[in-house]
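Trainee: I have a new structure to read. Could we go through it residue by residue?

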Amino acid sequence: MSIINCQLVSKSFGKVKALERISFDVQPGELFGIIGPDGAGKTTLFRILTTLILADTGTVRVDGKDVVKDFKAIRNEVGYMPGRFSLYQDLTVEENIQFTKDIYGTSIDIAEILEMTALLKYRDIPVGKLPIPLKKMSHFACVLSTDFDLLILEEPSMSFDDDSNQKLIELSKILKNQGKGIAIFTAKKIDLNYCDRVYYIETLEGVN
């Protein structure tokens, strides 16, 4: 069974078409890339898959569940990292992970996550005092604490330096080998070098 199944998905905002008849599927244990220029509707599709907004037409199933009828269940099974950084700046790296872990009710070892993401020595530093690449990796560490079946990343290499981006690639491959489905939304072709398959979204006429 596909971890994501998108069929003929369209979405408009007023007179502006953001997506038109998008269809693709992602399998468990697959690293799937979704690429398109800015304005192609990637963020809109990201929000539909993460149950934040509804499509106008078409069907979307995540882990066999309908994003409209089963949105609450899906939110407990999907880990996602939007392009915009959104952790609590005054909490430490470890406190942010613990907070996320508590919300999702998982039993994942925080020390293990800190070690995996090379954040162990930054665990007691407030996130707001970290350089941007470490802030982004802290965000990813929080996502890892949610114990997901599907990981969705929006512009994962944005704000990362070379070392952090390589660490993200390594961790994504580990998750893939564990049978997790991974979908990457990006405008950068470099992010697709380690993907198994790629789906291209073109900018629609009238969308900037």
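Trainee: Is Pro-156 buried or exposed?
Mentor: Buried means under 20% relative accessible area, exposed over 50%, and partly exposed in between (1.4 Å probe, protein chains only). Pro-156 has a relative accessible area of 0%. So Pro-156 is buried.

Trainee: What should I know about the model and its numbering?
Mentor: This is a predicted model, where local features need pLDDT of at least 70, side-chain atom pairs count only at pLDDT 80 or more, and totals for chains, interfaces and linings use all residues. Residues are numbered from 1 along each chain as its sequence is written, and side-chain values use heavy atoms, with hydrogens and water left out.

Trainee: Which residues is Pro-156 in contact with, leaving aside neighbours within four places in sequence?
Mentor: Contact means heavy atoms within 4.5 Å. Phe-185 is 29 residues apart from Pro-156 along the chain, yet their C-alpha atoms are separated by 7.7 Å. Phe-185 is on the contact list of Pro-156. The list reads Lys-136, Leu-168, Ile-184, Phe-185 and Asp-191.

Trainee: Which residues does Thr-186 touch, not counting those up to four places away in sequence?
Mentor: Thr-186 sits in strand 8 (residues 181-186). Thr-186 counts as buried, because its relative accessibility is 0%. Its contacts are Ile-34, Ile-35, Gly-36, Lys-42, Glu-155, Asp-191 and Leu-192.

Trainee: How many salt bridges are there?
Mentor: The rule asks for a side-chain nitrogen of Lys or Arg within 4 Å of a carboxyl oxygen of Asp or Glu. Among the pairs are Lys-17 and Glu-20, at 3.2 Å from N to O. By this rule the count is eight.

Trainee: How many residues apart are Lys-11 and Asp-56?
Mentor: Their side chains meet in a salt bridge, 3.6 Å from N to O. Lys-11 is in strand 1 (residues 4-13), while Asp-56 is in the loop between helix 1 (42-49) and strand 4 (57-62). The pair links distant parts of the chain, and the two residues are 45 residues apart.

Trainee: Of that pair, is Lys-11 buried or exposed?
Mentor: Asp-56 is partly exposed, because its relative accessible area is 45%. Lys-11 has 13% relative accessibility, so Lys-11 counts as buried.

Trainee: Which residues are joined into one network with Asp-25?
Mentor: Asp-25 and Arg-197 form a salt bridge at 3.5 Å, N to O. Asp-25 lies in strand 2 (residues 16-26) and Arg-197 in strand 9 (residues 197-200), so the bridge ties together parts 172 residues apart in sequence. Salt bridges that share partners join Asp-25 into one network with Glu-30 and Arg-197.

Trainee: How many aromatic pairs does the structure hold?
Mentor: Rings of Phe, Tyr and Trp (its six-membered ring) pair if their centres lie within 6.5 Å; planes under 30 degrees apart count as stacked, over 60 as edge-to-face and the rest as tilted. The structure holds five.

Trainee: Why is the pair of Phe-24 and Tyr-199 called tilted?
Mentor: Their ring centres are 5.2 Å apart. Phe-24 in strand 2 and Tyr-199 in strand 9 are 175 residues apart. Both are buried. The pair is tilted because the angle between the ring planes is 40°.

Trainee: Which residues form one aromatic cluster with Phe-24?
Mentor: Tyr-199 is one of them.

Trainee: Which residues make the nonpolar surface patch?
Mentor: Patch residues have over 30% relative accessible area and no salt bridge; like charges are joined within 9 Å, and nonpolar side chains (Val, Leu, Ile, Met, Phe, Trp, Tyr) within 5 Å. Areas come from the Shrake-Rupley method with a 1.4 Å probe, and for residues only the protein chains shown count as cover. Tyr-88 has 46% relative accessibility, and Phe-99 has 36%. The patch of about 400 Å² is made by Tyr-88, Phe-99, Ile-103 and Tyr-104.

Trainee: Which residue lies over the face of Phe-148?
Mentor: A charge sits over a ring if NZ of Lys or CZ of Arg is within 6 Å of the ring centre and within 35 degrees of the ring normal. Here the distance from the ring centre is 5.6 Å. The residue is Lys-180.

Definitions and conventions:
Helix = DSSP H or I, 4+ residues; strand = E, 2+ residues; numbered from the N terminus.
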